[in-house]
Amino acid sequence: MRLDLWLAAPLAHALGRALAHFLWQGAVVAAALRVLLFLGEERSSRWRHQAATACLLALPVAFGITLALSLGRSHSIAVLPAPAPRMVFTPVIAQGAPAAPVDWLAWLAPVWMSGVILFYAFRLAGWVRVDRMRRCGVCAAPPEWQQRLGELAAAVRVSQPVELLESCLAGVPQVIGYWRPVILMPLGALAGLSVQQVEAILIHELAHIRRADYLVGIAQSLIEGLFFFHPAAWWISAVVRAEREYACDDVVVALRPDARAYAAALTTLEQSRWVAGYAAAAANGGNLVRRIRRLLGEPAPERIPTARASALAGALVLVAAVATALVMWPPARSFAQAPAPAESAADKQEPAQGIEPARRSLEELEGALAGRQQEIKEAEQAIKQAQETLRRNAAEIQRSLRNGDGHSGDFAQAEEQMRKMEATLKEFESRAGESHELLDEQRMATLLKRLAAQQAGKSQQLQEVEKQLQELSNGKVDEALRQEQQQLARADQALQKARAAFSDQSFAEIEKELQQAEKVEKEFEQGVAIGVARASKYWGQGNEGALAQAGQSSRPQSPAELGLAYQKWLNEDVAYLITDQERRDFLALNSDADRDQFIEKFWQRRDPPGSGPNVFKQEYYRRIAYANEHFASSVPGWKTDRGRIYITYGPPDQISVSMTKNVLRQVWRYTHIDGLGYDIEAEFTDTGKTDDFHMTAAPASHGAYWQVMTGASDAAGSDAQSLRGRGFPAVAYPVRAYRPSLTQVLVGPYPDDASLAKAKAALEAEGFHPVRAQ
Amino acid sequence: MAKSNELPRPTDAELEILTVLWSRGPATVRDVHSTISRRRPAHYTTVLKLMQIMTDKGLVKRDEKQRAHIYSASRPREWTQRQLAGDLLERAFAGSASSLLVGALAARKASAAELAELRKLVGGYEDKP
């Protein structure tokens, strides 16, 4: 949240107001406690402790009530404007804009809050440290002492179980916790003191537990944190602590009448603390001397210091009163001025409304002034109250001075102090009166100045508006309108033109473009046909077998006779499938209709019996697509060895891959191929010298085919022929391994293994040896 | 002096053992263990191990003359207290902590003059018949 926004919130102002009021409230409560302690001097420490605790609790209560009242008040002021009495208005020459009002009361809130947070953070850290003390550096007290503590607890009427620990960290006996309290004794204290002394100390600590002083201490810390800025809070808190110890001492003396032993124990402990010497020494710290005097029934020679404390408290009251008197007025100013800037902003937005709003705002300001006068009265009352308090306190001081007879020097000193105080009081009163008058005058002057400034600003704005009006009547608007109309007319014209242009252009031009596009298309088609023809020529030359044949047979035909689609079908699509007879038949056809019919029949013939139409065709084209996608290298996928095998025989049932000496080898295994047999394997190798796998062993079944040799195609062809001549069903199978002319000779198929084995034996007898061992 | 500065600050568990040794004087591991286990469950072996580590660190001394080794704190508790209190954080929050504590003695120490007066008061009383 932004600070300035927050400061503008009613809560910030109300908090600041409550804090300012707390200055005198705290002082009053402190004074009341002083009076109570004075009256109850003969009463028990328990009573005095309760009185001090009540005063301490009164602080947050007073603060809370003031805050609630301030919050309600700031709301009502913001919502309801004060009634407006008439007032004579004299114009004053404007001297620039009035300074923005600073609501410094609202600034108190964030400053106070940061202080509280800081204080609480420190206390939290302290609490963590205290909690650590009950766990660290402690050991259980001897069991006999633990037992003795139980007996003493019963005597003090402590109901919760108390643990007695020896601590090396605690410098003095301490109580930590309330619901599960532990008493920490400094190491050596149990052994170093007499049994009666230790018992006395333990009773003191048990009394703390019985009285829930640990919880009270925490509450005290919280209140101290809230009112850290007020000495009264600290003083009251100190009184609570002191009376608490007195009360516990009283319990000890009630149970163990030997006060001397107890006093000696306290002194010894205090002394041992000096030996340990680790806590920072404070010059005038504890009230132990007073406690021991009290225990021993010695007369307290410290009346004068107490009187000095009272003087201090009196000064405190004075400071609080001055501070309060000063803070009572600024809220009035800030409240009255708060609506003014908003109004002037509104005026700027509506300059033409003229004098009437100014008169209204003047009336409102007068109303606010009346409200301020009311607040001045309240402030005066507060001052009177503070003065009353001061007088009461002075009387009390005098009384306490009277009690401390026998110390004339100190008495004189105190008296002088009091005289000084009175002088200060008088001075303050006169100053307050002066500042009161001064403030009235100043406020009036400021108000008049502000009004004059507003008036001047408004007349200037009025002039401007009139000037604008004149300009308007001079016909500037007419001209602008004319220009506007002209522009509109021009736009209309442009639109019509555009429409006309569109209708003229439309059909003729589109048609022309269409014709041109058709022409270009035709030319393109021609070019493609020529290109294809050339390409197919080269392609046909580079291919063996059926492809070469296709190239040759297509050559005499002109592209116009055999359409590009048919050429592609014949030479690419079904290159591996079509028989020589079919090819011849297809080429003999004359019309595209016949060719289409032929193709349809071609596929129908190959569909397996009982299957749907074009099952074979679909599968075949799928294989081509697969081959193109997966086996493409420098040549299209369907032209590679693997592509050919894949298209012809379909996907293998198993592919095994191996590598030896940088030669990558794939063996495709088919369980069964129609016409070839069972357990067919084809081998492809990639030596790295070329960019693709090449077939090094054509698909062959160990059972049905037998690969006998591999060599140049011519030699293989003649070998196959000679084998056939001797009755072996030998085929020359082209294998494009390392050289394109390489050809395998396969013998088969044989109907079964027995006849193959017979053929094998016969061939081996003739000196043919298998290329690949089974 | 240099050597005493080298002595490490005891951990919380070590401080507990040291507290027992300061409170009871030289003791065996069994003694220390029985004292600690009165407050909280502790394993004998854990205490033994800790005390062996502390011997290595120099925090405790071991007397091996008898069959059961006798351990004692190598520094008086005042020395260690001062060492612990030297911690900046400890010092920063000691004041804040002390105002939360309740006990027989004030959070602040008495001055030397006050102490002298106290001794006079108590002693003077003792002198009376």
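**View 1. The make-up of chain B in this predicted model.** Chain B has seven helices and two strands, where helices (H or I, at least four residues) and strands (E, at least two) are DSSP runs, numbered from the N terminus. Going along the sequence, the order is α-α-α-α-β-β-α-α-α. Residues are numbered from 1 along each chain as its sequence is written, and chains are lettered from A and ligands numbered from 1 in the order written. Local features need pLDDT of at least 70 and side-chain atom pairs 80 or more, while totals for chains, interfaces and linings use all residues.

**View 2. The largest nonpolar core.** A nonpolar core is a set of buried Ala, Val, Leu, Ile, Met, Phe, Trp, Tyr and Cys residues joined through C-beta atoms within 7 Å. This one has 68 residues, and A:Ile203, A:Leu206, B:Ile17, B:Leu21, B:Val32 and B:Met51 have the most contacts inside it. Helix H7 (residues 195-210) of chain A gives the largest share, eight residues.

**View 3. Zooming in on B:Val32.** Leaving out residues up to four places away in sequence, B:Val32 touches B:Ile17, B:Val20, B:Leu21, B:Ala27, B:Val47 and B:Met51; a contact means C-beta atoms, placed from the backbone, within 7 Å.

**View 4. Around A:Leu562.** Look for A:Leu562 in the loop between helix H16 (545-554) and helix H17 (564-573) of chain A. A:Leu562 counts as partly exposed because it has 19 C-beta neighbours inside 10 Å. Its C-alpha atom is 8.8 Å from that of A:Ser591, 29 residues apart along the chain.

Definitions and conventions:
A residue is buried if 20 or more other C-beta atoms lie within 10 Å of its own, exposed if 12 or fewer, and partly exposed in between; C-beta atoms are placed from the backbone. Two residues are in contact if their C-beta atoms, placed from the backbone, lie within 7 Å.
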